[in-house]
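Here are my notes on this one, as promised. Have the viewer open while you read.

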Amino acid sequence: MAGDEPGLKDSLLPYEAWIQESLRNVMRLALDRIAREGLPGEHHFYITFRTDHPGVRMPARLKAQYPHEMTVVLQHQFEALEADADGFAVTLFFGGVPAHLNVPWLAVTQFADPSVRFGLRFESKEGEAAPEPEAASAGAAPDGPEPTPPAETPQVVSLDAFRKRPPRG
C-alpha cells in the first residue's frame, strides 16, 4: 500500500478499492452471461467465498461443515444461477441434495476459470490478501466425484504491478 513504503504518500483517491470493484465486475459479467447462456465449451468456475461474511445465505448443514470459507464449482450441474449488482445466487447439489446459496460479491475471495488458466484473488477490506481456502471444497456434482482442479495453476491477476514504487537510488 502507498503509505507502507518510505517516501510514498497516501492517495486521497481510493484506487485500490476501485481496482477491486472492477475485478469483481469481471466475475459478475462472467456469471451473468453464464446465467443467461450456459457454460460454453470447457469453461467452468471455482468460486471461493467467506461463509461467515454478512449477507451469505446457505443451508445450516453447509454452514456447519464450512464455518469460514467454502469453494464451489460451477460446471456440470447447477440451477437457478442469478447475478446482480449485490451478488450471485445458485442452487448446487451436495450428495444429491439441492442447496440454494446467496453470496454477496464482497464475500468472494477467489474466482477461477481453470479451462483458460484465468483467476482472480480479492483483497479483504483491510487490504490484506485473501486467506487460502479451506482444504475441503464443495462440488456441484450431485452423485459423482468432485471435479479435480487442473494440475496447472490458473493465472492470478496481481495488483503489485500497478502500485507505485519509490525511485531506485
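1. Terms before anything else: buried means under 20% relative accessible area, exposed over 50%, and partly exposed in between (1.4 Å probe, protein chains only). Helices (H or I, at least four residues) and strands (E, at least two) are DSSP runs, numbered from the N terminus. This is a predicted model, so local features need pLDDT of at least 70 and side-chain atom pairs count only at pLDDT 80 or more, while totals for chains, interfaces and linings use all residues. Residues are numbered from 1 along each chain as its sequence is written, and side-chain values use heavy atoms, with hydrogens and water left out.

2. I'd start with strand 6 (residues 108-113), which is mostly covered: 6 of its 6 residues are buried. Two strands pair if DSSP finds at least two bridges between them. Strand 6 runs antiparallel to strand 1 (residues 45-50), with 4 bridges joining them, and Ile47 has Phe111 as its bridge partner there.

3. Strand 7 (residues 118-121) is also antiparallel to strand 6, again through 4 bridges. Asp113 stands opposite Phe118. The two strands make a hairpin with 4 residues between them, and Arg117 in the turn has a positive phi of about 55 degrees.

4. Now the rings. Phe, Tyr and Trp rings (the six-membered one for Trp) pair if their centres lie within 6.5 Å; planes under 30 degrees apart count as stacked, over 60 as edge-to-face and the rest as tilted. The whole structure has 3 aromatic pairs. For Tyr15 and Trp18, the centres are 5.6 Å apart and the planes at 90 degrees, so the pair is edge-to-face. These two are 3 residues apart in helix 1, about one helical turn. Tyr15 is partly exposed at 46% relative accessibility, and Trp18 is partly exposed at 42%.

5. Phe45 and Phe111 have ring centres 5.0 Å apart and planes at 40 degrees, so this pair is tilted. Phe45 is in strand 1 and Phe111 in strand 6, so the pair ties together parts 66 residues apart in sequence. Phe45 is buried at 4% relative accessible area, as is Phe111 at 2%.

6. Finally, Tyr66 is in the loop between helix 2 (60-65) and strand 2 (69-74). Is Tyr66 buried or exposed? Buried, with a relative accessible area of 6%.
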